[in-house]
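Open the model in your viewer and switch to a cartoon view. The stops below go from strands to helices.

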Amino acid sequence: MGQMLMLPPSFLFSGTGGGVLHGSTCESAVCTLAAARDEALKELGGWENITKLVVYASDQTHFTFQKAAKLVGIPPSNFRSIETSRATRFSMSPEKVRIAIEDDIKLGLVPLYLCATLGTTPCGAVDPIAELGKVAREYKLWLHIDAAYAGSACICPEFRHYLDGVELANSFSMNPHKWFLTNMDCCCLWIKEPKLLVDSLSTDPEILRNKASKSKAVVDYKDWQVALSRRFKALKLWIVIRRHGLANLRYHIRTDIGMAKRFEGLVAKDERFEIVVPRTFALVCLRLKPKHEAEGTELNCKLLDAINSSGRAFMTHAVLGGIYVIRCAIGTTMTEQHHVDALWKLIQEKADVLLMGSDRIKS
């Protein structure tokens with residue numbers, strides 16, 4: 001998997017790094033935060049300094065990182081959610097991160113961990129990894145890249161540039177169970193310095209001691225994860241790769257992105273609708289334009305309810321810069337173009353009914 005993503009040798013067992021399969025990004029977040037925390041506390045001189053540690057992410061970063069930070073003992077007040085805007089397509093600004101770090105240093109706090117995202121959950125935003133990596137390196141933060149959703153797209157050469165700068169990160173994760181035809185649960189985590197993860201999570205009870213572990217002839221994955229035991233997650237990912245092959249997996253990704261591009265085009269042609277943020281991968285964020293901005297949330301909430309209540313499709317929502325949007329996420333195994341076209345017709349039908357009813361009430 002790492003070779004398909006063209007990860008640098010510093011993340012692979014063939015180089016100086018290594019990888020492990022977790023159940024979800026949640027576990028990867030907890031483990032990497034714990035590793036970063038323990039390394040920082042060692043330098044600071046003890047656990048009494050844990051309240052000084054600060055974690056940085058954008059307001060589009062998945063909320064699991066806030067939960068993970070709390071689980072490893074970082075005070076919730078020390079989690080910095082960097083504001084994004086529509087002007088930058090909701091990607092995180094390196095300059096805003098730098099300002100937040102400088103402000104915390106002045107307060108006597110210790111910047112610890114920065115999470116950059118490749119394909120945020122609300123709108124598929126892409127954070128500038130290379131620029132954020134330089135900031136992280138300058139201030140000695142642990143940089144984690146969360147590519148849970150869009151990491152799969154980077155097996156395609158035309159999308160690999162979104163990972164430029166990955167060599168500056170300390171860890172990188174992506175979820176094959178999201179867009180890589182792999183069943184739940186399957187999250188790939190790569191780490192540059194496995195020793196830091198092992199030092200933080202290792203256990204050495206007498207009952208588990210053996211010659212292979214002692215001689216380092218094997219990788220004890222119990223020291224790379226929260227749980228001691230594990231299922232054979234690698235088997236299902238191996239089967240997917242062997243069954244489909246790189247060419248077909250790329251075709252799957254490109255086809256989904258192509259369908260999303262077509263859907264975005266259909267929406268753009270209907271002047272009643274608006275694409276709130278330009279599509280990057282296979283996620284389209286749209287809304288029905290309100291006559292008065294104050295009515296936007298209620299109008300689109302009703303539209304979403306009407307679509308989902310039909311039983312013919314299921315969509316979700318997000319709030320971007322205060323704007324309520326409807327999300328069209330394409331990526332399931334059996335989705336074809338006629339499904340996408342039918343979805344658009346359904347949305348238009350429900351919008352017609354909704355707007356007609358609204359006009360009657362006003363008249």
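Start with serine 173. Across from it, in β7, is leucine 189. Keep in mind that this is a predicted model.

Now widen the selection to both strands. Take residues 171-174 for β6 and residues 187-191 for β7. The two run antiparallel, and four bridges join them.

Next, show the whole sheet. How many strands does the open sheet have, and in what order? There are seven, with mixed pairing. Read across, the order is β1-β7-β6-β5-β4-β2-β3. Select the edges: β1 at 18-22 and β3 at 79-82. Each has a single partner strand, so one of its sides has no neighbour in the sheet. From one strand to the next, the twist averages 20 degrees.

Leave the sheet and turn to a helix pair. Two numbers describe such packing: the angle between the axes and the distance between the axes. Select residues 25-44 for helix α1 and residues 64-71 for helix α2. Their axes lie 9 Å apart, at an angle of about 40 degrees. Angles under 35 degrees would count as roughly parallel, and roughly perpendicular begins at 65. α1 and α2 are therefore oblique to each other. The crossing of α1 past α2 is right-handed.

Show side chains at this contact. On α1, pick Thr25, Cys26, Ala29, Val30 and Leu33. On α2, pick Thr64, Phe65, Ala68, Ala69 and Leu71. What is the make-up of the contact of α1 with α2: how many residues are nonpolar, polar or charged? Eight are nonpolar, two are polar and none is charged.

Terms used. Residues numbered from 1 in each chain as written. Predicted model: local features only at pLDDT ≥ 70, side-chain atom pairs only at ≥ 80, totals over all residues. Heavy atoms only, no water. Pairing = 2+ DSSP bridges. Axes fitted to C-alpha atoms, helices over the stretch in contact; angles between N-to-C directions. Parallel < 35°, antiparallel > 145°, perpendicular 65-115°, else oblique. Left-handed = near helix turned anticlockwise from the far one by under 90°. Contact = heavy atoms within 4.5 Å. Nonpolar A, V, L, I, M, F, W, Y, C, P; charged D, E, K, R; others polar.
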